[in-house]
Amino acid sequence: MLQAVGWGGYLLLRGVSASFNGFQLQIIIPIIVEAIVGYCITLLLSTFYGAYRHLPRITSVPLSIITLLAGVALYSTLQAFTWSFIQTATASIDVTRVLGYSFLYFTVLAGWSALYYAINFFLILEEQIDELRALELQASSAQLAMLRYQLNPHFLFNTLNSISTLVLLKQTERANAMLSRLSSFLRYTLANEPTAHVTIAQEVEQLKLYLEIEKMRFEDRLRPKFDIDPRAERGRLPSLLLQPLVENAIKYAVTPQEEGAEICVTVRLAGERVQIGVSDTGPGLHEARISPSLSTGVGLTNIRERLVQAYGPDQRFETRSTPAGGFSVEIEIPYQLEDVNREAA
């Protein structure tokens, strides 16, 4: 397409220039032949140049120059022959005219060759950028999948151990209920795409399912509380983002205290931002105790990384531990209704 447009423009420019002093067939025909021959020669040059691009540069550069000079010589010779045949009706080649044409066609073909390599360099660069973006997306998806699929083995062990105990005590109804909830929870964690986003309503339902399982173990010691703004329920966030935070609160707030603790999950819509909080009434945590990892093995650092992967700098993640007791995590993300990560993938 570029060849056709370029030589069409060249033909138009030469034709208009030659017609200023009146339309003469013996002038227009050589110009048409010149454009057709130039089009064919550059097609040949593009074939050779394309083959040279796969060779080492020390070889491809001299070969390209030699091919360009050969193309100029062929173009000049054919044009000199065409001019002599049309103007004098005699098939001959004038060396002086060949040399004169060589200067003109060297300029034309050298300019064309420069455009050829420039355009191909641009196309190769665009292709490499696309490949790099695809690799970055794959790496990002792989990292998100790795973080997303990390499920606390202690949670599974404790839950299965509780089910086994209930079976031994012949409390089959509670055992069946606990097993059913565990099955639903695992189905949720494994069925969703690891890089996909879910609605806040879905995430809250998953948290409630998880807390129902844990409440069968801790009973009244675990006191969950949800304060969800209905306007924010349609907003989306990375799947299973909050569950490790709730699990962390159970480990450090409910387990060590005989009276247990209250775990509060709040979601607020503030303009175009969603503010999420997970807090507990436990003894509080010091940075030195929580910095290595959460009980899930994911860790606060990895949760931050998930937020960065999903939102870049357009997010906020803060932790607070007060001297009076209690620990809270605050997250702020943009209010999104579409699954941006899935569309990009």
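The lining of the second largest pocket comprises five nonpolar, two polar and two charged residues; here Ala, Val, Leu, Ile, Met, Phe, Trp, Tyr, Cys and Pro count as nonpolar, Asp, Glu, Lys and Arg as charged, and the others, Gly among them, as polar. A pocket is an open set of points on a 1 Å grid over the protein atoms alone, where a 1.4 Å probe fits, with protein on both sides within 12 Å along at least five of seven lines; lining residues have an atom within 4 Å of a point.

This is a predicted model, in which local features need pLDDT of at least 70, side-chain atom pairs count only at pLDDT 80 or more, and totals for linings use all residues. Residues are numbered from 1 along each chain, and side-chain values use heavy atoms, without hydrogens and water.

About 230 Å³ of space lies in this second pocket. Among its lining residues are Tyr52, Arg53, Arg57 and Tyr117, and helix α3 (residues 57-88) contributes the most, with four residues.

I turn to the largest pocket. Its volume is about 400 Å³, and it is lined by 15 residues, of which Leu2, Gln3, Trp112, Leu115 and Ile119 lie nearest its centre. Helix α4 supplies the largest share of this lining, eight residues. By class, the lining holds 10 nonpolar, five polar and no charged residues.

Finally, Leu115. This residue is located in helix α4. Why does Leu115 count as exposed? Leu115 does so because its relative accessibility is 54%, and exposed means over 50% relative accessible area (1.4 Å probe, protein chains only).

Terms used: Points joined across faces, edges and corners; volume = space filled by probe spheres on them. Helix = DSSP H or I, 4+ residues; strand = E, 2+ residues; numbered from the N terminus. Buried < 20%, exposed > 50% of the residue type's maximum accessible area, 1.4 Å probe, protein only.
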